[in-house]
Structures are given as C-alpha cells and as structure tokens.
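Thanks for coming, everyone. Please have a look at the model on the screen, and then I'll walk you through it.

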Amino acid sequence: MTNRLYYGDNLDVLRTHIPDDSVDLIYLDPPFNSNAGYNVLFKSASGAGADASIEAFDDTWTWGESSQNALMDIASGTNRPLTVMMNAMHSAIGENPLMAYLAMMAVRLVERSERLTFQR
C-alpha cells in the first residue's frame, strides 16, 4: 500500500483497511479533551481577515454508545492490565465526558499494538 490517505475514524480504518503485517509505525495525534470547538477562519483575497468560518472539529466528549462499545472492545481484548485499569476508572469516575475520552483513546492506542504484539 503506497500513498493512500484515509479520512475517517482511525479505529475503523485500522480494523478494516490496514493489514496486520503492513504497519511499521503509527503516529497518533489525538484530540486533547480541551472541551472546545475549533473553527477555520477564512481570509479575503487580499489576505485580510473575514467574518466567515466553518467548524473544523469539536474536541468535546460525551458518554454514549460509542464509549460503551470502546470499553467492551477493551474487555474482549488480550491486554488484561488495560482491562483492569479501565474497569477501575469506570467504577471510580462513572460515565462522564472524561471517561468517554479515556475509553476512546485507550481502544485506539492498543488496537494495532495488541494485534502486532500477540500475533508473532
């Protein structure tokens, strides 16, 4: 696979489009749970600022079905220490924006590393 750009949820892309033996390095530049929305500001042809903008991304998190699914993915994986830690965090802080963020990050950080580590 050469020169291919995927746009979308990286977890889905890793699971459905990237063969296990094709990854040498994964660089992850995650959102930082800033609880803010980010906009792209447009400029006029002269380079001066304009009042127009469009939402680039929203860095806010809420507990929901995708958060619960991420925890279930972690629980069904082979990384027992991560499962124990995430269950403890879930018990301690409950179902809130922070737990949603942690679940989203954890399942993505271990997705490829688990498959590579335990496959060989």
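**A walk through the chain**

Of the 120 residues in the chain, 25% are buried. Buried here means under 20% relative accessible area, exposed means over 50%, and partly exposed is in between, with a 1.4 Å probe and protein chains only.

A word on where this comes from. This is a predicted model, in which local features need pLDDT of at least 70 and side-chain atom pairs count only at pLDDT 80 or more, while totals for chains, interfaces and linings use all residues. Residues are numbered from 1 along each chain as its sequence is written, and side-chain values use heavy atoms, leaving out hydrogens and water.

Now the layout. The chain has 4 helices and 2 strands. From the N terminus, the order is α-β-β-α-α-α. These elements are DSSP runs numbered from the N terminus: helices are H or I with at least four residues, strands are E with at least two.

Next, the surface. The chain exposes about 8,600 Å², and carbon and sulfur atoms supply 55% of that. The areas come from the Shrake-Rupley method with a 1.4 Å probe, and for residues only the protein chains shown count as cover.

Then contacts, meaning heavy atoms within 4.5 Å. Take the contacts between residues at least 6 apart in sequence: 58% of them join residues at least 24 apart.

On to the core. Which residues make up the largest nonpolar core? There are 11 in all: Leu11, Ala70, Leu71, Ile74, Leu82, Met86, Met99, Ala103, Ala106, Val107 and Val110. H4 gives the most, with 5 residues. By nonpolar core I mean a set of buried Ala, Val, Leu, Ile, Met, Phe, Trp, Tyr and Cys residues joined through side-chain atoms within 4.5 Å. In soluble globular proteins, nonpolar side chains tend to be buried together.

Let's zoom in on H2. Its buried residues are Ser67, Ala70, Leu71 and Ile74. An α-helix has 3.6 residues a turn, so residues three or four places apart point the same way. The face of H2 turned away from the buried side carries the exposed residues Glu65 and Ser66.

Leucine 71 first. Neighbours within four places in sequence aside, leucine 71 is in contact with Trp63, Met86, His90, Met99 and Ala103. Now serine 67. Its relative accessible area is 4%, so serine 67 is buried.

Now charges. How many salt bridges are there? The count is 1. Aspartate 73 pairs with arginine 15, and their closest N and O atoms are 2.9 Å apart. The pair links distant parts of the chain, 58 residues apart: aspartate 73 is in helix H2 (residues 65-75), arginine 15 in helix H1 (residues 10-16). The rule asks for a side-chain nitrogen of Lys or Arg within 4 Å of a carboxyl oxygen of Asp or Glu. Both partners are partly exposed: aspartate 73 at 29%, arginine 15 at 36%.

Another arginine. Arginine 108 lies in helix H4 (residues 97-119). Its relative accessibility is 16%, so arginine 108 counts as buried. Beyond its neighbours within four places in sequence, arginine 108 is in contact with Asp9, Asn10 and Leu11.

Last, the rings. The structure holds 1 aromatic pair. Tryptophan 61 and tyrosine 101 form it, tilted, at 5.7 Å centre to centre with 55 degrees between the planes. Rings of Phe, Tyr and Trp (its six-membered ring) pair if their centres lie within 6.5 Å; planes under 30 degrees apart are stacked, over 60 edge-to-face, and the rest tilted. Tryptophan 61 is in the loop between strand S2 (49-59) and H2, and tyrosine 101 is in helix H4, 40 residues apart. Tyrosine 101 is buried, at 12% relative accessible area.

That's the tour.
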